[in-house]
Amino acid sequence: MEQKMEIYEDLRQILEKAASVQAALALIEWDNETLAPKKAGEQTAKTAGALSGIYYDIMTGPSMDKALKQWKECGEDNEDARKADGTFWSIDEIASRMCCETEKERRLLSCVPREEYEEFTKMTNAGGRIWAEARKKKDFSAFAPELERIIEYKKKLASYRRKDGESLYDAMLDEFEENFPEEKLDEFFGTIREELVPFLEEIRTKGRKIDGSFLYGDYPEEKQEKLARMMAEYIGFDFERGVMAVSEHPFTTSFHNKDVRITTHYDQWLDHSLFSVIHEGGHALYELGIDDRLTRTILGQGASMAMHESQSRFMENIIGRSQAFWEPLYGKVQELFPDQLGKITLEHFIEGINQVQPGLIRINADELTYSLHIMVRYDLEKGLMNGKIRVSDLENEWADRYEAYLGLRPKTADQGVLQDIHWSQGSFGYFPSYALGSAFAAQIYEKMKESMDVDGLLKAGQIHKLTEYLREHIHRYGRMKDSLTLIRDTTGEDFSPRYYIRYLKEKYGRLYL
Ligand code: ZN
């Protein structure tokens with residue numbers, strides 16, 4: 001037993017060292033997006049490259065080999081160890097899961113030659129800058145050669161990583177969400193296409209008109225910031241364990257469960273800053289809720305990107321755009337913006353924040369059309385990776401799909417193919433997480449309603465009860481369980497997109513038809 005504890009401590013120490021390097025990388029990324037001077041980029045990319053090399057060494061090095069081997073040798077489940085910890089997870093359970101996740105990560109890392117791994121980190125760092133320049137100039141051809149290089153490199157890395165029977169794109173998807181290869185996503189997006197494209201068409205042609213124009217206008221930045229802080233606090237973001245800053249695109253990062261950071265962005269559309277803070281706040285609550293024994297190890301992060309998105313989209317859309325949520329709050333928002341919102345009733349405000357407006361820009365998309373934006377990207381990523389779509393045709397292929405799904409064609413590249421940063425960073429396979437996350441959220445919500453009066457709690461200002469539910473079922477587990485197990489254990493059923501479709505059709509049918 002004693003020996004077992006020692007081996008566990010060894011393993012944990014190495015994982016904590018690796019997590020420290022990851023935290024340093026995350027801090028650099030945070031800094032790049034918020035405070036770093038413009039010219040720092042090139043040198044900082046080298047710092048990041050060196051750190052990722054150190055991470056590689058720790059994860060694949062001889063100390064780790066030894067710790068994993070020793071655990072395997074003594075790691076048979078033993079009742080004493082199970083009870084020793086006195087809590088709901090035994091050391092055995094934690095260590096086994098750590099080994100399992102570490103083995104996966106090592107496989108991902110070590111099947112790629114180290115120089116190539118560092119090269120790719122540098123390439124994607126530069127890719128982000130080239131993309132930003134091209135976007136400013138609205139010129140896809142200024143980015144296309146770099147994108148071509150990134151795709152080729154990405155394919156090469158995926159060919160090392162893929163398992164038997166997997167496509168190259170499967171290997172990329174697997175990095176973000178291991179339970180959804182192409183075959184399953186084809187089915188998922190097939191359902192979305194069949195159900196939501198005609199439903200949107202019905203709303204566009206037969207739906208009543210809703211006015212959300214009051215959300216645009218002169219909303220002074222200081223007041224928006226005040227509102228953002230108030231909203232973050234209201235949903236339970238802890239400013240003693242978190243920081244909020246401004247960046248071009250809002251994001252969340254976490255160094256451990258006592259330091260979780262969110263960013264937001266202010267412009268003339270109040271919806272933006274209001275709901276990005278609730279969205280990022282949802283991500284942050286997840287990270288803040290991870291169990292102390294898991295934080296700063298490989299298990300101290302969300303189960304998957306899709307599960308992470310489920311938590312942010314749950315807060316942003318299902319909760320944050322509901323009338324019950326705003327009942328105790330809206331008066332305070334009116335007080336802050338008497339000229340802009342003084343005459344707008346709560347009912348009008350709720351309609352406005354739920355206005356369906358097919359558009360060209362993903363990050364401005366409403367809840368109903370959002371998944372259609374993702375479907376465009378899924379189609380294109382798949383095509384780029386299996387060779388059916390060429391980079392030189394990408395701009396057109398993009399426009400054709402927007403026309404088919406949303407009824408609009410972009411006129412400039414910044415409104416089209418250049419709008420997202422993801423591909424420039426090599427993040428192929430990430431996009432589906434957003435749509436899956438929304439579907440996970442709807443299924444969890446359905447179950448949550450069986451055990452609590454969600455609207456009643458929201459009206460009474462008791463949103464923390466919802467967070468407690470999520471912490472109990474999802475957050476604290478970090479990576480102890482994968483996303484499908486979390487869904488099954490929380491809802492008693494396997495994942496199904498039907499809850500998501502039903503939720504959307506009910507909500508927007510009520511509003512529009
Ligand atoms: Zn998100």
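Q: Exposed means over 50% relative accessible area, buried under 20%, and partly exposed in between (1.4 Å probe, protein chains only). Is E6 buried or exposed on that scale?

A: E6 counts as exposed because its relative accessible area is 53%. The model is predicted: local features need pLDDT of at least 70 and side-chain atom pairs pLDDT 80 or more, while totals for chains, interfaces and linings use all residues. Residues are numbered from 1 along each chain as its sequence is written, and side-chain values use heavy atoms, leaving out hydrogens and water.

Q: Where in the fold does E6 sit?

A: Helices are DSSP runs (H or I, at least four residues), numbered from the N terminus. E6 belongs to helix α1, which covers residues 2–34.

Q: Which residues form a negative surface patch with E6?

A: A charged patch joins like charges within 9 Å, using residues with over 30% relative accessible area and no salt bridge. Asp and Glu count as negative, and their charge is placed at CG of Asp or CD of Glu. Here the negative surface patch consists of E2, E6, E9 and D10.

Q: How many salt bridges are found in the whole structure?

A: Side chains of opposite charge can pair when their charged atoms come close. The cut-off for a salt bridge is a side-chain nitrogen of Lys or Arg within 4 Å of a carboxyl oxygen of Asp or Glu. Searching the whole structure gives 47 salt bridges.

Q: With which residue does E16 form a salt bridge?

A: The partner of E16 is R296, with the closest N and O atoms 3.4 Å apart. E16 is in helix α1 and R296 is in the loop between α11 and α12, so this pair ties together parts that are 280 residues apart in sequence. E16 is partly exposed, because its relative accessibility is 22%. R296 is also partly exposed, with a relative accessible area of 31%.

Q: What stands out in the backbone of R296?

A: The value to read is phi. R296 has a positive phi of about 60°, although R296 is not a glycine. K138 is another residue other than glycine with a positive phi, near 55°. K138 lies in the loop between α6 (114–137) and α7, and its relative accessibility of 46% makes it partly exposed.

Q: Which residue pairs with D420 in a salt bridge?

A: D420 pairs with R377, and the closest N and O atoms are 2.6 Å apart. D420 is in the loop between α18 (394–406) and α19 (432–451), while R377 is in helix α17 (residues 370–386), so the pair ties together parts that are 43 residues apart in sequence. D420 is buried, at a relative accessible area of 9%. R377 is buried too, and its value is 0%.

Q: What is the salt-bridge partner of E175?

A: E175 forms its salt bridge with K154, the closest N and O atoms being 3.7 Å apart. This pair links distant parts of the chain, 21 residues apart: E175 is in helix α8 (residues 168–176) and K154 in helix α7 (residues 144–161).

Q: Which residues are linked in a network of salt bridges?

A: R97, E101, K104, E178 and R479 are joined in such a network.

Q: Which residues coordinate the zinc ion?

A: Donors are N, O and S atoms within 2.8 Å of the metal (3.2 Å for Na, K and Ca); water is not among the atoms, so sites may look incomplete. H279 (NE2), H283 (NE2) and E309 (OE) coordinate the zinc ion at 2.1 to 2.2 Å. Along the chain, these donors of the zinc ion follow the spacing H-x3-H-x25-E. H279 is in helix α11 (residues 270–288) and E309 in helix α12 (residues 305–319), so the pair ties together parts that are 30 residues apart in sequence. Both H279 and E309 are buried.

Q: How is Y508 placed relative to K206?

A: Y508 and K206 are 302 residues apart in sequence and 12 Å apart in space, C-alpha to C-alpha. Y508 is part of helix α23 (residues 498–512), and at 1% relative accessibility Y508 is buried.

How values were computed. Patch = residues over 30% accessible without salt bridge, like charges linked within 9 Å, V, L, I, M, F, W, Y side chains within 5 Å. Areas by Shrake-Rupley, 256 points an atom, 1.4 Å probe, with all protein chains shown as cover. Helix = DSSP H or I, 4+ residues; strand = E, 2+ residues; numbered from the N terminus.
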